[in-house]
Amino acid sequence: MDSEHVAPARPYGPVAADLTGVRVTHRAILADIERLAGLLGALAAAAEPAGPARAGAIAGYVHRFNEVVRGHHRGDQILWPVVLDAVPDAAEAVAGIVRFVADHEALDALQADCDAAAARFAAEPGRHAGHLARLLAVQRDLLAAHIEAEERHVLPVIARRVPGAAYAAAQARIRQADRSADPAWSRAWLLSHATEDEARRLMPAGAAAPAGLEPRLREYAAEASAVFAG
């Protein structure tokens, strides 16, 4: 699915799809996997292992982060048909989607390994920090390549070809199908990476204003500080 083959005209009217959500999600995923990989690398190289409380907090954060990424990938199952309906060359689009599905499968397997390694790290931080650090570094590289390709080849297709209303409807279905274990954490995590303007645009109609989420954002900030600042 190459953006070079996308017609410049938008045949469905002037309202473009609002890609704020996916762009902030990509930014948040890349920022967090970078700091998780860096944190575990530093802990693996440290003379003293992390204490039990911090190791447990780090493992819990890894689990929640992986669940957010899996949820983002599950949303693609709803979004892909909308993209296919809008593109002029379905065969080319399907070929591109097959590549992204393969990426998801590889990442799912790697994340399962990371979750298992995080649980072992929580139990024995000194023994398992290095293994978890290596897995997170591999995940960082795979996520960076996957998101770079998605932003280069998929988002331009959506921006130019998918009607804004169709995209918004798909996003609403994705929210309704959300199976995350802690949606409040996921929302606070995402909003922590958003600007004020982005936060307003991320809130669905009828949802609490960003200011109303301040207590949950403070809880998330305290958790992140315990994980990353020690």
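Visitor: Which helices are included in what covers the buried residues of α8?

Guide: The cover includes α1 (20–45), α2 (52–86) and α6 (183–191). Here helices (H or I, at least four residues) are DSSP runs numbered from the N terminus, as are strands (E, at least two). This is a predicted model, where local features need pLDDT of at least 70 and side-chain atom pairs count only at pLDDT 80 or more, while totals for chains, interfaces and linings use all residues. Residues are numbered from 1 along each chain as its sequence is written, and side-chain values use heavy atoms, leaving out hydrogens and water.

Visitor: Which residues of α8 are buried?

Guide: Start with the general idea: an α-helix has 3.6 residues a turn, so residues three or four places apart point the same way. In α8, the buried residues are Leu217, Tyr220, Glu223, Ala224, Val227 and Phe228. They cover an arc of only 125° around the axis, which puts them on the same side of α8. The arc is that of the directions from the helix axis to the C-beta atoms. Buried means under 20% relative accessible area, exposed over 50%, and partly exposed in between (1.4 Å probe, protein chains only).

Visitor: How many residues does α8 have, and what follows the helix?

Guide: Helix α8 (residues 214–228) has 15 residues and reaches 20 Å from its first C-alpha to its last, close to the expected 21 Å. That expected span is 1.5 Å times one less than the number of residues. Gly230, with a positive phi near 80°, follows α8.

Visitor: At what angle do α2 and α6 pack?

Guide: Two packed helices are described by the angle between their axes and the distance between the axes. For α2 and α6, the angle is about 85° and the axes are 10 Å apart. That makes α2 roughly perpendicular to α6, a term for 65 to 115 degrees; under 35 is roughly parallel, over 145 roughly antiparallel and the rest oblique. Axes are lines fitted to C-alpha atoms, for helices over the stretch in contact, and angles run from 0 to 180 degrees between N-to-C directions.

Visitor: Which residues make the contact of α2 and α6?

Guide: Contact means heavy atoms within 4.5 Å. Tyr61, Arg64, Phe65 and Val68 of α2 meet Trp185, Ser186 and Trp189 of α6.

Visitor: Is His26 buried or exposed?

Guide: His26, found in helix α1, has 1% relative accessibility and counts as buried. Leaving aside neighbours within four places in sequence, His26 is in contact with His72, Ile147, Glu150 and Glu151.
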